[in-house]
Amino acid sequence: MLQNTGKLAGCTLFITGASRGIGKAIALKAAKDGANVVIAAKTAQAHPKLPGTIYTAAEEIEALGGKALPCIVDVRDENQINVAVEQAVQKFGGIDILVNNASAINLTGTLETPMKKVDLMMGVNLRGTYLTSKLCIPHLLKSKNPHILNLSPPLNLNPIWFKNHTAYTMAKYGMSMCVLGMAEEFRGSIAVNALWPKTAIQTAAMDMLGGADIGNQCRKVEIMADAAYEIFSQPTNFTGNFVIDEDILKKAGIKDFETYAVEPGHPLMPDFFLDAEPEDLVKLMEDHGATPAFKAGSASGHAVGGGPIADTFKAIKGIISPDVVKSTKGVYKFDLSGEHPGIWYIDLKNDAGSAGSGEPPVKADVIMSMDSADFIKMFTGKMKPTMAFMSGKLKIKGDMSLALRMEKMMGLMKPKL
């Protein structure tokens with residue numbers, strides 16, 4: 001991991017969404033240098049599903065040698081940001097670094113995304129980033145080495161990153177467009193850059209989207225904190241860059257990236273917007289001696305008669321149990337096309353659970369549309385739902401977290417197929 005050098009001693013960082021996850025990790029990294037950190041986030045009271053508050057984050061920062069200012073801030077509220085900025089300047093004498101980390105996510109298609117969710121993503125991701133930057137810039141201009149860092153992706157215009165979640169992509173790319181514009185507008189005065197992970201990062205949000213089992217395909221938040229620290233160590237002429245965490249750390253001399261892995265040696269899931277197609281990822285991993293998790297398993301062992309889809313559902317029925325129902329709590333409808341078209345369902349919500357052909361007995365929480373060949377690949381361990389979705393082979397309507405939770409059931413099925 002990247003060692004602290006003390007370069008941020010006495011510097012003041014204003015970090016949105018710093019009560020947990022990547023934002024907090026960046027704050028803790030800076031705290032080790034003796035930095036001042038403004039924790040601008042909404043969570044003042046413990047959340048039933050998400051860890052940490054602005055006050056617990058402040059305690060951790062001060063325990064590492066930093067100074068903390070917890071501020072209740074919804075980045076959509078101009079007054080709350082103004083108050084937090086004024087308090088920061090009053091307490092610490094200025095602002096040297098702004099990290100726009102706060103973000104909202106909803107991975108659904110145009111027809112399935114309520115306007116309330118669209119407004120939330122646009123308000124937090126785009127407007128919140130623009131507004132917080134606008135209010136901090138007058139103070140950043142007075143700093144000796146000011147930085148703005150947005151946690152946002154490269155502007156990849158491949159339609160694959162739009163078609164399944166247009167609203168989220170537009171909102172997230174709005175943060176990246178702020179980098180593009182402000183880097184040029186304040187060139188020579190403020191360094192404005194974006195940072196994005198090469199792989200999925202284990203956070204509470206990721207656990208909610210993909211379930212707890214997704215963690216072993218992720219890296220820890222510390223890799224993003226180290227990458228951010230390296231960016232802050234650069235002069236202001238390092239600007240307008242869309243930085244990938246692993247790339248900048250390699251340039252900084254880091255060679256061992258296994259220390260950042262949640263489960264060292266396990267294949268990693270690429271993050272969105274980087275065009276790592278599943279087939280290319282498989283080849284890359286195999287070239288380096290790895291066995292991709294989404295290519296494991298075998299398609300052999302189907303019974304004669306009824307076809308491969310019917311055989312797969314026989315196996316599914318065999319692993320449905322009260323424990324699976326209790327841990328899943330979802331009704332799935334599968335709309336299959338291709339060689340074996342048809343409608344099938346899995347009810348992991350009601351009574352002891354059930355599965356079969358035709359419409360589900362109750363309204364489906366999730367509708368998954370895909371080619372029947374890809375369905376078989378998913379349930380025989382050759383393709384994970386996350387990879388199928390990212391590659392556009394799987395279309396999902398409904399609760400995304402329930403859709404990705406199917407991976408747990410697929411793990412139970414491997415011995416059956």
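Five strands line up here as an open sheet in the order β10-β9-β8-β11-β12, and their pairing is mixed. Keep in mind that this is a predicted model.

- At the edges you'll find β10 (354–357) and β12 (395–398), each of which pairs on one side only.
- Ignoring direction, neighbouring strands are turned by 15° against each other on average.
- Look at β8 (residues 330–337) and β11 (residues 366–371): they run parallel, with 6 bridges joining them.
- As a bit of background, strands of a sheet pair through backbone hydrogen bonds, and they can do so parallel or antiparallel.

**Helices on the sheet**
- Helix α10 (residues 307–319) lies across β8, β9 (342–348) and β10, and runs at about 5° to β9.
- Helix α12 (residues 372–379) also packs on the sheet, where it touches β8, β9 and β11.
- The direction of α12 makes about 110° with that of β11.

- Which residue in β11 does Phe-334 stand opposite? That would be Met-368.
- Leaving aside neighbours within four places in sequence, Phe-334 is in contact with a whole list of residues, including Phe-313, Trp-344, Ile-346, Met-368, Phe-375 and Met-406.

**The nonpolar cores**
- The largest nonpolar core has 75 residues, and Phe-334 is among those with the most contacts inside it, along with Phe-14, Phe-313, Tyr-332, Ile-346 and Met-368.
- There's also a second, separate core of 43 residues, with Ala-18, Ile-97, Ile-223 and Met-224 among them.
- In soluble globular proteins, nonpolar side chains tend to be buried together.

How values were computed: Residues numbered from 1 in each chain as written. Predicted model: local features only at pLDDT ≥ 70, side-chain atom pairs only at ≥ 80, totals over all residues. Heavy atoms only, no water. Core = buried A, V, L, I, M, F, W, Y, C linked by side-chain atoms within 4.5 Å. Buried < 20%, exposed > 50% of the residue type's maximum accessible area, 1.4 Å probe, protein only. Contact = heavy atoms within 4.5 Å. Pairing = 2+ DSSP bridges. Helix = DSSP H or I, 4+ residues; strand = E, 2+ residues; numbered from the N terminus. Axes fitted to C-alpha atoms, helices over the stretch in contact; angles between N-to-C directions.
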